[in-house]
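This briefing goes through the structure shown here by topic.

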Amino acid sequence: MAAPNGTAEPTTESHNLPPVVGINFGNSYASIAEGLAESIANEDGERQIACALSFHGEQMYIGSPAKQQLVKNSENTIIGFRNLIGKKFSEITSEDITPNSAPVIQHPDEPDVAAYKVEVLTTPAALPTKKTQTPAASAAATPAPEPVPTDRILSVSEVTTIFIGSLLQSASDFLGKKIQGAVITVPPHFTPAQVEALEKAATDAGVKVYQTLEEAAATLITTSSALWAATLRADRTQLYVDLGSSSLSLSVVENREGLGHVVASSSTTSIGANQIDDKLVTFFAADFTKKNKVPLKVCPATEVQDKRAEAKLRLAIEHTKRTLSASPGAATCSVESLKDGYDFTGSVNRMRFDMLAKPVYSAVSAAVSDLLKSAGVDAHQIDEIVYVGGTSCLPGLDEEIGLSVGFPEDVATPFSMGTVVGGGIGDPTTILARGSAVQAALLHTLEEDDLRAAFSTSVEAPALGATVALYVPGAEAGIVALLKDTPLPARRVQVFEVEVTESSKAFGFELWEIEQTVRVEKVKPPKVVYSDDEGGADEDDEEEEEIEEKHKETKKVTLLGAATADAKLAIQTKGKGPDAGKWFTTVEATVVVTEAGALSFDVKEIGEGGAVLSIEIS
Amino acid sequence: MSTIRTTPLPAGYTAPDASGSKLSPISKRKLLPAGPAFVNHLRLTLHNGGSFSKHDEHAAKEQERLDLLNASSSNIEDDLGVGDEPESSELLALDPKEWKKQDHYAVLGLSHLRYKATPAQIKVAQRKKVLKHHPDKKVKATEPDTSLLTGLNLNTNDDSFFKCIQKAHETLNNFERRRQFDSADPELLEELEEETPTSLKAAVAAKGFIETFGPVFEREARFSKKEPVPQLGGLDASKEHVEGFYDFWYNFDSWRSFEWYDKEVNEGSDNRDDKRYTEKKNKSERARRKKEDNTRLRSLVDLTLGLDPRIKRIKQEEKAAREAKKAARAGAGSGASTPAAAPVKSKAEEEAEKKAKEEAEKAQREDSKKAKAAAANAAKKARRAERAAAEAAGTA
């Protein structure tokens, strides 16, 4: 009773999310997720948090406010530090360093360590007060010491620690509790030393790193979730296209009910969205010059004025690119006082933009073709293309890859499934963060230490040598039970509604090993008949080019076994439908292949006392 | 997983012989260490030896564990023991206009806690009730089913209970108002009504002294301004406890007040005299009730003291001690004649003896106190002298 009324302490927690996060730490943008459909927004309301750190006077800015500082305070603004983590100063080449950022120098105290030098204002320590104080000459208070400009040296790992610390702060603000663990994605081009350095930087920021996750693995987790794959087969071959600002990584992954195996992968830092940015900035700069008769030379800019204008344009086109990805119409780009006091407003439509970005698009699709060729995988064997990274939101890229690599028309992409727009589940910008959040939650709840240890070692599993398919005698097409390269042991269950005849009630299955190939057919394109006869003579001279048409084919290779049984629970369909009078029974077919390669196939009629049929192959 | 429909077996089909056929040779694949599927694979191969039936059992157990983990972390909100009380139809039919008469604790579902409810519990209880009875929810829940009735609002009196909840929360959330309500708690009043000296005496005869008066004083303790409040204790409580108990309850300082019964000043009238008159009336009424309450408590303590078997016991114990002492003294002085004579003593004699003994004890106590003080003085003097001596020695 005597207790005071009310309390500021929250008495109950509002949700049951584990206090762990997944962090996608890119070179230009980072995102954090906690396992829900969307990623967490920071206090500025951004889900894509710019990897930038800026010092101005006594202030430190992180994220997009720091990016704004690039215009006037670029020498104290640090961007593009992710790629430098764990690299020795002597290893850093000029290509690694993002232009227009704070200078990267050799750390004055530590040998061969890269560091950024920024100028900050620091307040000198107050003068020590003596014990016997002489009375002040005037009544006015002693003025506080003036902050003086000093150089601050920040090693790359310190910068990373500060940045990850701010990400964690945003996450714990969102979750309302302290973050205990995190899973961080690492790009494929990271060396083990870099991974270690990243892990250390994150640990210094006050979070336990459960795992540093390959980007392909994070993508695998997200794309295997029930939400994503609702309409897709659980066993499929995927192509991951991860186009970041400074790198392109591609992987072909065999996804077998969530178990992934990378068939082939490639990664290059020579293709990236920065090139698209350059093109777009040049385009708008030319537009500005044309409109205002003010010369503006960008990419690279030499004069200070031009440099500032370029920085302004670069900030502005972020918005333009996002608009282009989201809507089919024209997107504007407006900058106030771009140069010499002239404002600039320009617009670019999607077609013009795609033309500008065409070289990058073609480079990406060439890389995809190369990868497929080197892996010996035909484009028709890819069931799904997954786009990762902000730049791959561009629809033009999807069209270009689809056309020039020659994927089948029914290949699933986030665009064809319509999940890419508006933060849908296919949103390429959040895939990695979400995947690592799932992984973090998984590792957080995992109790068995031996399993936890397996996450950091490489696990090899035996895999099926050939695809196993089920055939119902009398039917042409088979049903794939277990795809080639499925890690063993494996089990697949399929429910059949089997039709039987009134007289025999027998049903049967054949088990075949099959081979799925792609048949290439050369087809002559249909002749275009012009209504006028003018070009009639020329047409005959022209060599008709043949077009390759590809078809998926399956070929039965070996019969593994066959069996029949008599149904006991068949029911005759009643009513007037097309099935009236026919007899059906429902059976559940289970195929299990053990680690040693022994196959057992069991068919059970669903219900009590149902018929059983089985095939065993050791 | 969709169901696949098949055609019937062709007539005359016999299963072809495939004995001796083998699966293609197995290859090796490096797995990406990611996702729930990977964990399942590890469990299957490392823990269950590749057996799916064993794995299924394990998976079910694991799922149970995870569910439990989620539930215990905060899936089910900690309601601080507020719980869910059944809502009777009378309770739901309460009229918010008659809020002065309603039992606010029952409205918030706290009648099992009443005055013991903490502010945090009240908050939780209010939130629970609001979630359940908010008018917005009600309209949805009882939306007319038939198209004929759509558009008609069938829930005209819908938010009356919600208003009651708000009133209850308003009252209980305010420290002052909650004390006023607690002073006039309907449950308490009911108990007081039933509690008469005769009923208490009967209860003592039926249940025993402690069982009757223990809860009574526990109930009264809530009004104490001082904490902690000494409770009745057991039958074998020490003399100090019993004395302390009665000492406390005879000097009980209660915060119980009676503003709750105040007559409302007539809102419509601006007449100052009217207001003053009502206020004066209220004040005197409050004072009267307060006095009444104090008298009630005092008579209750009187009654308790009168019925307390422990007083008798303590007296007897004292007597026994005294007698033992006396016997010891007499035994040492003149032999063993006195103990034999003791049982025949009359009551008057006993009383007198007791008084004498008490006085003697008192005298003894005083003596000992004096002696102690003298000893302390002496010690002090000695110390002073010592110090003086030491100083003298030092100067010398």
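**Interface of chain B and chain A**

In this predicted model, chain B and chain A bury about 6700 Å² between them, and carbon and sulfur atoms give 61% of that area. The points below start with this contact and then turn to features within chain A.

- Chain A puts 86 residues into the contact, and chain B puts in 64.
- On the chain B side, the residues that lose the most area to chain A are B:L23, B:R29 and B:L32, which together make up 12% of what that side buries.
- The rule finds six salt bridges across the interface of chain B and chain A.
- A salt bridge links B:R43 to A:E448, with 2.9 Å between the closest N and O atoms.

**Nonpolar cores**

- In soluble globular proteins, nonpolar side chains tend to be buried together.
- The largest nonpolar core has 50 residues, and the members that touch the most others are A:V364 and A:F407.
- Ten residues of this core come from helix α7 (residues 350-375) of chain A, which gives the most to it.
- Beyond its neighbours within four places in sequence, A:V364 is in contact with A:V241, A:L243, A:L248, A:I271, A:L397 and A:I401.

- The loop between β13 (235-243) and β14 (248-256) of chain A holds A:S246.
- A:S246 counts as buried because its relative accessible area is 17%, and the cut-off for buried is under 20%.
- Residues up to four places away in sequence aside, A:S246 touches A:N27, A:N83, A:T268, A:T269, A:I271, A:G272 and A:N274.
- One of these contacts, A:N274, is 28 residues from A:S246 in sequence, yet their C-alpha atoms are 6.2 Å apart in space.

**A four-stranded sheet in chain A**

- An open sheet is formed by four strands of chain A in the order β21-β20-β23-β24, with antiparallel pairing.
- The edges are taken by β21 (479-482) and β24 (547-566) of chain A; each has a single partner strand, so one side of each lacks a neighbour in the sheet.
- From one strand to the next, the twist averages 40°.
- Strand β20 (residues 467-471) of chain A runs antiparallel to β21(A) and is joined to it by three bridges.
- A:L470 has A:I479 as its bridge partner in β21(A).

Key
Residues are numbered from 1 along each chain as its sequence is written. Chains are lettered from A and ligands numbered from 1 in the order in which they are written. This is a predicted model: local features need pLDDT of at least 70, side-chain atom pairs count only at pLDDT 80 or more; totals for chains, interfaces and linings use all residues. Side-chain values use heavy atoms; hydrogens and water are left out. A nonpolar core is a set of buried Ala, Val, Leu, Ile, Met, Phe, Trp, Tyr and Cys residues joined through side-chain atoms within 4.5 Å. Buried means under 20% relative accessible area, exposed over 50%, partly exposed in between (1.4 Å probe, protein chains only). Helices (H or I, at least four residues) and strands (E, at least two) are DSSP runs, numbered from the N terminus. Contact means heavy atoms within 4.5 Å. Two strands pair if DSSP finds at least two bridges between them. Axes are lines fitted to C-alpha atoms, for helices over the stretch in contact, and angles run from 0 to 180 degrees between N-to-C directions. Buried area is the accessible area (1.4 Å probe) that two parts lose on being put together, summed over both. A salt bridge is a side-chain nitrogen of Lys or Arg within 4 Å of a carboxyl oxygen of Asp or Glu.
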